[in-house]
Amino acid sequence: MIRSEQGRLTSRGLRSLVETGVQTGLGILALAPFVVLVGLVGYLIWVSIPVFRYMRWGFFSHIAWNLGNLYAYHPVLVHGVRVMPGAEFGAFAFLLGTGLTSLMAICLAVPIAFLLASAASFGVSWPWRNILAILVEMMAGVPSVVFGLFGFIVLGPAIATQVGPWLNHWLSPIPFFSGPVTSETNLLTATVTLTLMVIPIVATTTRVAMARVPRDWVDSARALGWTEHEVFWHVIWPHSRAALTGGTILGLGRALGETMAVLMVSGNALNVLPKNIYSGVSTMAATIAGQLDAALTDPTRMAVHALGTLGLILMAISLAVNLIARVVVVSDGQTDHAGGGLAHGIL
Amino acid sequence: MLLTLPSDRGNGTSSPQDDHPAVIDVEALSLTVGTRAVLRQVNFWVPANGITTVVGPSGSGKSSLLRILNRMWDHVPRVRIEGHVRFSGQDLYARGVDVRAVRTHIGMVFQRPTPFPRSIYDNIALTLRVHGIRQGISDRVESVLSASGLWDEVKDRLLASALTLSGGQQQRLSIARALALNPAVLLMDEPQSALDPRSRDQITQLMLTLKKHTTIVLVTHHLDEAKRVSDRLGVMVGGTMEVFGPAREIFQSESVARLASATQEFGQ
Amino acid sequence: MESSEIVLTSHLGIRRRFGLGCFQAVNYGALTLVMAAFWAILWTLVRGSLPAWHWSTWFTVSQGLGGGLANAIVGTLWLSCLTLLLVVPMGIATATYVLIYASPRMKQLTLLVSDVLAGVPSIVFGYVGYIVLVIALGFGFSALAAAVTLAAMVLPYMVRTSYLALVEVPSAVREQALALGFSRAQIIWSIMWAGARRGIIGGAILSIAIAMGETAPLIYTASWSDSLPSLALTHHSVGYLTYVVWTFIQQPYPQAIALAYMAGLILVLLVGAMAVLGRAIRA
Ligand SMILES: Nc1ncnc2c1ncn2[C@@H]1O[C@H](COP(=O)(O)OP(=O)(O)OP(=O)(O)O)[C@@H](O)[C@H]1O
Ligand SMILES: [Mg+2]
């Protein structure tokens with residue numbers, strides 16, 4: 001109604017045309033996140049269908065990852081899917097590798113990150129706490145290949161020659177901790193490297209929450225004659241507990257999806273399960289990056305699709321983890337950092 | 001700015017009158033934060049068992065002065081404090097003085113109520129337990145809650161979260177918590193300004209009761225409030241104590257109007 | 001009477017003293033640990049890159065596993081510029097649309113989708129980018145395929161930072177302008193975007209810092225090239241710093257290893273500086 005009235009004046013008409021144009025233009029560009037997400041999920045599901053038709057549940061339970069006889073004359077038809085003879089795509093070892101490296105890294109990282117957050121927000125005196133906060137945030141921004149390099153050059157040799165033998169010596173009664181240390185790139189190196197990468201994320205999330213505890217609360221606790229540790233336990237910690245949980249889940253998300261660092265230090269073991277923490281492993285993310293080249297030689301493309309299925313599962317797990325983190329952190333009232341805002345620790 | 005007002009400090013001497021022994025005596029105090037002089041050559045003293053009020057425009061250094069008295073500046077970097085602060089004859093900033101000990105004798109209440117996210121009971125009990133007090137906690141909780149006029153309102157729900165209390169109740173709980181350690185002095189930094197008129201009035205009444213056994217140093221923005229409760233009054237302007245003396249004399253003097261205009265937003 | 005009983009010294013009992021001691025020890029321990037880890041990483045990079053500290057590293061391109069880093073540095077900057085061109089309009093537009101036009105539910109949904117994207121592992125972008133852009137759309141290994149992949153990856157960061165910047169513009173100002181007869185388009189341009197400029201620029205810098213440090217999305221989209229990137233958007237592979245770190249470090253040649261350290265050092269400093277810059281601008 002109003003619009004038609006305005007339409008009589010040409011300048012008004014032009015103006016409303018611009019209005020509509022701007023709105024439509026912005027609206028189309030605003031579809032970008034949807035397009036990307038739907039595109040990724042849709043495409044991965046599409047490539048996964050033949051993989052699941054071929055492997056059924058075996059995709060999750062089989063250990064062997066084998067492209068089959070690529071020199072065979074003809075692909076064979078199995079369950080209506082063309083594959084090379086003898087091909088087998090079992091993700092169990094990668095699922096286990098991803099789970100083990102991520103969970104162990106989180107277990108190591110969270111206590112350290114908690115201490116760092118406490119130190120950087122409260123526990124050490126000025127100017128150290130500011131320096132610490134900056135250092136932690138800088139570490140969150142270090143590219144993952146650099147962590148990979150550090151793990152490969154420094155941690156790997158140290159683990160192979162010192163830490164591994166030492167652990168083996170003292171912890172050998174525990175099954176998973178005993179065994180010969182034969183290589184520099186193994187489950188332990190991958191775990192420690194991931195730990196270094198996860199610590200800054202958990203620490204930063206928690207530190208921000210701790211630093212946000214209103215000054216009046218800290219002051220009134222101090223005014224009661226409490227010491228720093230009492231103020232911390234009774235005032236700061238209750239206010240930041242949820243952030244530690246949220247940060248932990250965000251850190252887990254990063255550890256699950258980490259590709260390059262793991263590719264460089266995990267040993268990239270195929271077709272075997274780790275016998276102990278000194279064995280090589282591989283994770284889903286690292287396998288996608290590491291095996292894509294080889295998979296391209298499969299004329300049936302099943303190998304490439306199978307890597308896509310790994311990606312789909314990885315994505316599903318990461319999304320679940322990030323959504324949980326979002327719920328936890330949002331319920332704590334920290335909407336700014338909800339979801340992936342801190343997934344890279346850099347924001 | 002020179003205001004001619006009655007002051008028992010006369011020509012700048014800092015000795016308190018003999019009939020009122022000073023609990024706190026501040027002499028030639030200067031506070032510098034970074035490069036900024038927040039307080040300059042402040043002299044004042046606090047008599048026992050009364051209310052000493054500090055008024056002044058925003059940013060004049062009232063809170064800063066209060067935080068000097070229980071060494072809250074210890075936690076702020078790049079702070080320089082000069083001059084003397086004596087509490088019952090001992091230098092608060094002397095070597096060997098333990099800030100935790102200072103704060104058990106000099107309590108503080110802030111502008112915003114600061115209930116810890118625990119039960120009403122625990123807010124006070126925890127304060128005591130942290131100090132290693134294990135016996136007679138529930139008696140002490142009851143007595144400080146009664147002293148702060150909260151007991152009748154909360155005695156049936158002591159285990160409810162302190163966050164379920166109203167703003168005024170939360171502030172009285174904060175006062176009760178500060179009283180739990182039986183401090184000789186209570187510092188109150190605008191304890192009523194975040195509250196509704198009724199709660200404000202309750203706190204005023206509470207202060208009048210408390211001052212019988214406790215020395216109170218109050219900072220407020222409300223001149224009429226100050227008039228009702230103060231025994232002694234200090235006026236801070238720009239980091240210095242412009243006027244300090246018995247409250248009645250200052251309020252009776254005709255210069256109050258000038259004082260009010262000089263310090264701008266009084267009486268709002 | 002009071003003064004005699006007030007003792008201001010040595011107040012803490014043994015238990016509290018012990019608790020405080022432990023707390024401080026542990027906190028300063030954590031401080032030491034982080035400083036040590038940080039210096040270890042930095043020192044490793046500096047020491048390892050010493051053989052590559054001469055001008056030719058910056059001005060020659062790599063040859064096989066030797067030479068310099070010129071192609072990788074220029075390639076990283078080139079990919080970052082293209083990514084920026086793609087992601088900034090999309091990010092700002094999404095944030096603006098969501099804030100001005102979208103219904104509350106649509107707004108929630110868009111921000112949720114954007115946050116969810118931030119959690120997608122970067123190799124997934126790399127995989128899909130390779131299959132879809134490089135092969136299906138026929139871009140070949142190219143700057144365009146790499147930049148689109150990176151843009152998709154950092155889009156959520158751009159959306160989030162733009163949104164936070166735009167929200168900061170007081171809605172009262174917006175309403176005032178509406179009352180003055182501004183059109184919505186004018187409000188967006190001269191009030192929202194102008195007011196949020198700093199935050200948006202800071203967000204763009206942070207997004208690019210993230211993109212620069214990535215490897216996994218690039219391996220199969222940009223591939224690697226020994227020569228300086230050309231202006232061709234498709235069918236010409238591009239070199240970049242993270243690739244050097246990843247592959248050269250695993251080679252047996254000292255010269256290659258020194259270049260890998262050098263690339264790592266440049267990346268840390270570049271990304272670190274941009275993160276600091278971005279945060280300073282946003283603050
Ligand atoms: N932590 C601090 N660091 C630096 N400067 C400070 C700090 N705290 C206070 N100041 C400065 O000291 C001056 C006095 O502040 P103070 O809070 O004591 O004023 P006030 O009289 O209590 O004001 P109000 O009535 O608004 O509470 C102000 O100019 C303030 O900027
Ligand atoms: Mg104040």
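Predicted model: local features only at pLDDT ≥ 70, side-chain atom pairs only at ≥ 80, totals over all residues.

Colleague: Where do the domains of chain C lie, and what separates their centres?

Modeller: The domain assignment places domain 1 of chain C at residues 2-52 and domain 2 at 58-282, and their centres, taken over C-alpha atoms, are 38 Å apart.

Colleague: How many residues of each domain are in contact, and what area do the two domains bury?

Modeller: The size of an interface is often given as the accessible area lost when the parts come together. Here, eight residues of domain 1 of chain C are in contact with seven of domain 2, and the two domains bury about 660 Å² between them, with 86% of that on carbon and sulfur atoms. On the side of domain 1, C:L45, C:S49 and C:A52 lose the most area to domain 2 and together account for 60% of what that side buries.

Colleague: Which kinds of residue make up the side of domain 1 that touches domain 2?

Modeller: That side of domain 1 of chain C divides into five nonpolar residues, three polar ones and no charged ones. Between the two domains the count of salt bridges is zero, and the rule likewise finds zero residue pairs in polar contact, where both residues must be at pLDDT 80 or more.

Colleague: What helices and strands does chain C have, and why is chain C described as more spread out than a compact globule?

Modeller: Chain C has 13 helices and two strands. Its radius of gyration is 25 Å, well over the 19 Å that the globule rule gives for 283 residues, so chain C is more spread out than a compact globule. Along its principal axes, the C-alpha trace of chain C spans about 90 × 65 × 30 Å.

Key
Residues numbered from 1 in each chain as written. Chains lettered and ligands numbered in written order. Heavy atoms only, no water. Domains from an automatic or database assignment. Contact = heavy atoms within 4.5 Å. Buried area = accessible area lost by both parts, 1.4 Å probe. Salt bridge = Lys/Arg side-chain N within 4 Å of Asp/Glu carboxyl O. Polar contact = N/O pair within 3.5 Å; in protein donor to acceptor, adjacent residues only side chain to side chain. Nonpolar A, V, L, I, M, F, W, Y, C, P; charged D, E, K, R; others polar. Helix = DSSP H or I, 4+ residues; strand = E, 2+ residues; numbered from the N terminus. Rg over C-alpha atoms; globule rule 2.2 N^0.38 Å.
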